[in-house]
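Please inspect the sequence and the structure before reading the solutions.

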Amino acid sequence: QVATDLSKVSGYQVIRLYGTDCDQVANVLAATKDSNVNLFLGIFDIAQVQKESQTIANAVHGDWSRVNTISVGNELVNKGTDPGAVIGAIGQARSALKAAGYSGPVVTVDTMMAMTNHPEICKASDYCAINCHAFFDGNTPAEKSGEFVKGWVDKIGQATGKTVVVTETGWPTQGDNNGVAVASQDSHQAALSSIKEAFSSNVIFYSAYNDMWKKNGPGTFNAEQYWGLNGNAPSS
């Protein structure tokens, strides 16, 4: 299934994974071994940093050349986790991964608001990694997405003095509208074009396929499932 799904994803330099369960790191490495794609890997549970670090190390078999970055948590501070706990987990992961032979960037990923309100989590990271979706602003139409995201990147970069990488951005193809933000296929395409115009690098689009396993709800404008760049996964 992994190989089938990834065979339909082309033209990208980096694929982001969020965790280590279900042998996803080893499976994706195997499925992309004949490509030039690098992986942005993730430690999902900061209570299991040592275990997930070891899972990653076991999957790469000492060859870290295709690992772009390893993140520690995704939007944890935004969800209420104490920033100090996240910073501690970053340090723990960095030590464990270094011992396993990894010398690349280690970061935490959070929303642009969490990163702005808690710059210490950026400073503890090797660069600032933000998830930034113009759709949730409600005042930004799809065709202005690039301008919106670039504005946040510039703001956080200036405040922290660090490189900022957008680790999630995109637009839903279905769901309820959020103010002037319309959830539709046309808006999805307009948003992607706008973001591509604003950035030549340091952006990861969200997501490869629709996430039909997620639950839609009013808090995410019933659009949680429908951010896929390529519709539903072939294996779904």
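E168 is buried, with a relative accessible area of 6%; buried means under 20% relative accessible area, exposed over 50% and partly exposed in between, for a 1.4 Å probe and protein chains only. The model is predicted, so that local features need pLDDT of at least 70 and side-chain atom pairs count only at pLDDT 80 or more, while totals for chains, interfaces and linings use all residues. Residues are numbered from 1 along each chain as its sequence is written, and side-chain values use heavy atoms, with hydrogens and water left out.

**Exercise 1.** Determine which residue forms a salt bridge with E168, and where the two partners lie.

Solution. A salt bridge is a side-chain nitrogen of Lys or Arg within 4 Å of a carboxyl oxygen of Asp or Glu. The partner of E168 is R16, with the closest N and O atoms 3.9 Å apart. Helices (H or I, at least four residues) and strands (E, at least two) are DSSP runs, numbered from the N terminus. R16, at 11% relative accessibility, also counts as buried.

**Exercise 2.** Describe the salt bridge of R94 with D126, and then that of K150 with D154.

Solution. In the pair R94 and D126, the closest N and O atoms are 3.5 Å apart. R94 lies in helix 4 and D126 in the loop between helix 6 (119-123) and strand 5 (128-131), so this pair connects parts 32 residues apart in sequence. R94 is partly exposed at 29% relative accessible area, and D126 is partly exposed at 40%.

In the pair K150 and D154, the N to O distance is 3.1 Å. Both residues lie in helix 7 (residues 145-160), four residues apart, about one turn of the helix. K150 is partly exposed at 32% relative accessibility, and D154 is partly exposed at 32%.

Finally, the count of salt bridges comes to seven, and D211, K214 and E224 are linked in a network of them.

**Exercise 3.** Characterise the packing of helix 3 and helix 4.

Solution. Two packed helices are described by the angle between their axes and the distance between the axes. Helix 3 (residues 49-60) and helix 4 (residues 83-99) pack at about 35 degrees, with axes 9 Å apart. Axes are lines fitted to C-alpha atoms, for helices over the stretch in contact, and angles run from 0 to 180 degrees between N-to-C directions.

Next, identify the residues. V49, Q50 and S53 of helix 3 meet A89, Q92, A93, A96 and L97 of helix 4, where contact means heavy atoms within 4.5 Å. The residues of this contact divide into five nonpolar, three polar and no charged; Ala, Val, Leu, Ile, Met, Phe, Trp, Tyr, Cys and Pro count as nonpolar, Asp, Glu, Lys and Arg as charged, and the others, Gly among them, as polar.

**Exercise 4.** State which residues of helix 2 are buried, and describe the surroundings of A114.

Solution. In helix 2 (residues 24-31), the residues Q24, V25, V28 and L29 are buried. They cover an arc of only 130 degrees around the axis, which puts them on the same side of helix 2; the arc is that of the directions from the helix axis to the C-beta atoms. Their cover includes helix 1 (2-7), strand 2 (38-43) and helix 3.

A114 lies in helix 5 (residues 112-117) and is buried at 7% relative accessibility. Leaving aside neighbours within four places in sequence, A114 is in contact with V77, N78 and I121. The C-alpha atoms of A114 and V77 are separated by 6.3 Å, although these residues are 37 apart along the chain.
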